[in-house]
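Q: Please take a close look at the metal site of this model. Please then continue to the packing and strand pairing elsewhere in the chain.

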Amino acid sequence: MNTATKVTAYAGVLAIVFGGAWAAGAAVGPTGGATAPAATDHGAAQTPSSNSGDELPPGLSVAENGYVLKPLRTTATAGEQQPFQFTIGTPDGGTITKFDVEHEKRLHLVLVRRDGSGFQHVHPEMAADGTWSVPLTLPAAGSYRVFADFKPENGTKTTLGTDIQVAGGYEPKQYDTDTREFTVDGYTVRLDGELKPGAEAMVTTTVTKDGKPVTDLQPYLGANGHLVALRSADLAYLHVHPMDAPGAGPEVKFVVEVPTSGRYRLFLDFQHEGKVRTAEFTLGTTGTAPAPSTPSTSTSAPATPPADDHGGHGG
Ligand SMILES: [Cu+2]
């Protein structure tokens, strides 16, 4: 137990003696999140729906909420399978070894090249000392963004990001037109719905094979599919909530929070006949952010931004 923790524990005892107001002050005291008190667990950091687009989305920083992503190496060789290893640490140099299971895993690792290509979603294994490891093959040169999505035990759900550099001739891809249909291994996946800046948007993905709807999708990470949405310009990692739906396809629906206008890359992992495949899409926002005080087309539209009653994001 470090000094800060001791101080807080002592403060907690005093708080019981001196009452509630004191407790509130102590709970957000000097611990900095590594020993995150319950008060911040579902607090301000988890309620992102300001309509301004100024709030920083997850995944843009290597350190947040009192956690630090520490890769052991930040370079890799194109086309070679190599272990990618990292720890989740605390600012004072500690290493976190206890994580909650979320979406069936203790940590989700998503990576994509900085141009928006080469998406991978893998699940590293953790050694007893807190070192996470996963074999990775990065197929081509470039800079790859890596996202670690996790929630330490008694901590805050967090997405941290860092980069892996792969030497060689880099031929970036340009995703500047909307792409709503993707074919992989004979499956065609379509994405319907519009992204509106500053609002939550529902998107529907539909999986077909040989022109027929697939109605026996298999659960993957606790849902019929798993969607990752990234802002193209900076690879911000957006809040996505899977929507409960009866049956097993062909439709899988998600709610995506789109903070700003611009273009987004969306990646759907779905499982059928024992194999997970990924469909990818490019989508620009349409329209403008809903103005809180301007009654427009809908007479029933609330004057306030849509409330985020979903808690954390569903990464
Ligand atoms: Cu995952």
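A: Donors are N, O and S atoms within 2.8 Å of the metal (3.2 Å for Na, K and Ca); water is not among the atoms, so sites may look incomplete. The model is predicted, with local features requiring pLDDT of at least 70 and side-chain atom pairs pLDDT 80 or more, while totals for chains, interfaces and linings use all residues. Numbering starts from 1 along each chain as its sequence is written, and side-chain values use heavy atoms, without hydrogens or water.

The copper ion has as protein donors His 108 (ND1), His 121 (NE2) and His 123 (NE2), at 1.9 to 2.0 Å. Their spacing in sequence is H-x12-H-x1-H. His 108 belongs to strand β5 (residues 107-113), whereas His 123, 15 residues apart from it, lies in the loop between β6 (120-122) and β7 (125-126). Strands are DSSP runs of E, at least two residues, numbered from the N terminus. Both His 108 and His 123 are buried, that is, under 20% relative accessible area (1.4 Å probe, protein chains only).

Turning to packing, a nonpolar core is a set of buried Ala, Val, Leu, Ile, Met, Phe, Trp, Tyr and Cys residues joined through side-chain atoms within 4.5 Å. The largest one has 26 residues, and Leu 266 is among those with the most contacts inside it. Strands giving two or more residues to this core include β15 (226-231), β18 (263-272) and β19 (275-284).

These strands form an open antiparallel sheet in the order β15-β18-β19, pairing being defined by at least two DSSP bridges between two strands. β15 and β19 are the edge strands, each with a single partner, so one side of each lacks a neighbour in the sheet. Six bridges join β15 and β18, and Val 228 faces Phe 267 of β18.

Definitions and conventions. Helix = DSSP H or I, 4+ residues; strand = E, 2+ residues; numbered from the N terminus. Buried < 20%, exposed > 50% of the residue type's maximum accessible area, 1.4 Å probe, protein only.
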